[in-house]
Amino acid sequence: FHDVNPQAAGVLQRNGVKSWTKPAPSLYPHQWSWDSAFIALGLAHVDNRRATGELEALFSAQWKTGKVPHIVFDPEAPPKSYFPDAERWNSNGLSEHAPTGPHTSGLCQPPVHALAVRRIWETAQDKDERGVEAAREFLTGNYPRLYSWHRYLSTARDPERSGLVTIYHPWESGTDNSPRWDAPLSRIAIGDIPSYTRYDVQHVADASHRPTDEEYDRFLWLLEMLKKARYEEMDIYGSHPFLVKDVLFSAILVAANEALLEIGAVVGAPAEERAQVEAWIERGREGLEEQWDPALNLCVDRDVLTGESLRVRTVAGFAPLISGGLDERRLKDMLLTLDSEDFAGNPTLHRPLPPSTSPDEPGFHPRSYWRGPVWPVANWLLWWSLLRAGESERAASLRHHTLEELAESGFAEYFEPFTGEPLGSGEQSWTAAIALDMLA
Ligand code: DGY
């Protein structure tokens with residue numbers, strides 16, 4: 001794979017804007033939260049200054065509540081390149097919690113950031129003394145931001161103290177049109193939505209790669225509802241029609257809290273904060289165990305409004321593997337499902353890489369975004385989790401087939417599972433970033 005490394009670095013170079021990086025050349029022209037975290041993780045192997053700059057830019061838009069917004073808008077992005085734009089979100093106009101400088105969306109995304117910060121620290125160990133000192137300074141400056149981000153997710157987003165994070169919108173999950181959200185979305189009665197034009201479908205080869213117009217109407221309606229609540233957490237919790245405990249988001253928070261403990265040790269964080277982070281980790285793992293579905297042999301999301309478990313077979317179901325700390329039995333369960341025909345063991349796949357949704361699900365679609373395509377970034381999450389669990393053989397297989405796919409077809413956003421056809425945007429930054437991390 002010796003060509004993959006320089007090619008991946010080139011993608012990140014070309015998508016660079018000032019001190020941060022666009023997720024893709026034209027489909028995503030602003031800064032996205034979890035994309036940036038993965039980008040920093042990859043950049044940590046190339047250029048630590050760029051990696052830290054990436055996260056500094058994102059965290060400078062952190063809300064006063066601790067929320068890290070899912071989009072930070074670039075005022076210099078080409079007009080009519082992305083919708084919903086800063087004006088449609090109007091977060092600075094509506095909320096006193098929004099940052100005063102940059103314009104942002106009102107949502108957040110999975111908290112991968114602490115994993116990237118830890119990687120920056122790890123790669124700095126190979127540098128000279130000045131490099132290590134610069135990294136230590138970065139950790140010291142950003143530990144409080146990470147802590148308040150995780151506190152926000154563990155309190156405002158979990159008033160029940162269930163250990164699971166509540167999302168307000170499928171965009172917060174990062175897996176926008178996953179069939180995980182079909183049932184809760186179907187219950188929403190849509191009112192009048194101010195008119196809008198989608199630009200996303202103009203940036204891909206074929207609109208079938210993207211969520212449908214029906215899904216977009218629901219996405220935009222939820223946005224209007226959040227604006228009506230002026231992005232106030234308590235008001236949202238009292239009236240919003242989409243409140244879901246997202247197991248993948250929650251598992252990433254557990255893994256990020258483990259990283260935060262290590263960062264806390266480097267910077268000498270207060271003992272009570274470290275104890276708090278440990279408690280969040282424990283509560284998170286317990287919450288995920290509550291959502292274990294023995295018949296599916298997977299973890300499933302829960303609709304807060306109906307109390308119902310959302311029993312759909314998707315990669316998010318591997319949440320316990322990502323949160324870590326599994327006993328032998330649960331680890332065996334997870335591996336069995338991973339190797340099954342629902343995921344990497346399906347003999348009709350182009351490569352043994354897990355489709356984002358089981359081909360057996362009624363909501364499966366092989367080309368549509370999170371309804372079936374293989375996502376390199378999801379492969380990274382599983383690869384990294386398998387390594388941590390000591391499952392080096394399976395991890396090596398995921399790594400090998402992911403890199404082979406990228407070497408053959410480039411750094412696409414996602415891939416058709418049966419043909420390997422690259423889909424969505426080409427030159428996707430996080431695809432390049434995870435390749436750099438896998439190759440390191
Ligand atoms: C998009 O616009 O596709 C994003 O996923 C929303 O954040």
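## Helix packing

H7 and H12 cross in a left-handed sense, a crossing being left-handed if the near helix is turned anticlockwise from the far one by less than a right angle, and right-handed if clockwise. The model is a predicted one, in which local features need pLDDT of at least 70 and side-chain atom pairs count only at pLDDT 80 or more, whereas totals for chains, interfaces and linings use all residues. Residues are numbered from 1 along each chain as its sequence is written, and side-chain values use heavy atoms, with hydrogens and water left out.

Helices (H or I, at least four residues) and strands (E, at least two) are DSSP runs numbered from the N terminus. Axes are lines fitted to C-alpha atoms, for helices over the stretch in contact, and angles run from 0 to 180 degrees between N-to-C directions. The helix pairs are set out below.

| Helix pair | Axes come within | Crossing angle |
|---|---|---|
| H7 (residues 129-155) and H12 | 10 Å | roughly 145 degrees |
| H6 (residues 113-124) and H7 | 10 Å | roughly 165 degrees |
| H16 (residues 376-388) and H18 (residues 429-439) | 9 Å | roughly 30 degrees |

Contact means heavy atoms within 4.5 Å. On the H7 side of its contact with H12 stand residues including Leu139, Tyr143 and Leu146, and on the H12 side residues including Phe249, Leu253 and Leu260. This contact comprises 12 nonpolar, five polar and one charged residues, where Ala, Val, Leu, Ile, Met, Phe, Trp, Tyr, Cys and Pro count as nonpolar, Asp, Glu, Lys and Arg as charged, and the others, Gly among them, as polar.

H6 and H7 are roughly antiparallel to each other, since angles under 35 degrees count as roughly parallel, over 145 as roughly antiparallel, 65 to 115 as roughly perpendicular and the rest as oblique. Their crossing is left-handed, and among the residues that meet are Val117, Ile120 and Trp121 of H6 and Val132, Leu139 and Trp149 of H7. By class, this contact of H6 with H7 has 11 nonpolar, three polar and one charged residues.

H16 and H18, in turn, are roughly parallel to each other, and the crossing of H16 and H18 is left-handed. Trp380 and Trp383 are among the H16 residues in this contact, and Trp430 and Ile434 are among those of H18; the contact residues divide into seven nonpolar, two polar and one charged.

## The sheet

Four strands form an open antiparallel sheet in the order E5-E6-E9-E10, two strands being paired if DSSP finds at least two bridges between them. Strand E5 (165-167) and strand E10 (309-310) are the edge strands, each pairing on one side only. Helix H12 (residues 247-267) packs on this sheet and touches E5, strand E6 (244-246) and E9, its direction making about 45 degrees with that of E6. Two bridges join E9 (residues 301-303) to E10, and arginine 302 stands opposite serine 309 in E10.

## Local features

Most residues other than glycine have a negative phi, and most peptide bonds are trans. Lysine 80, although not a glycine, has a positive phi of about 55 degrees and lies in the loop between E4 and H4. A cis peptide bond, with omega about 0 degrees, joins phenylalanine 83 and proline 84, and proline 84 lies in the loop between E4 and helix H4 (86-89).
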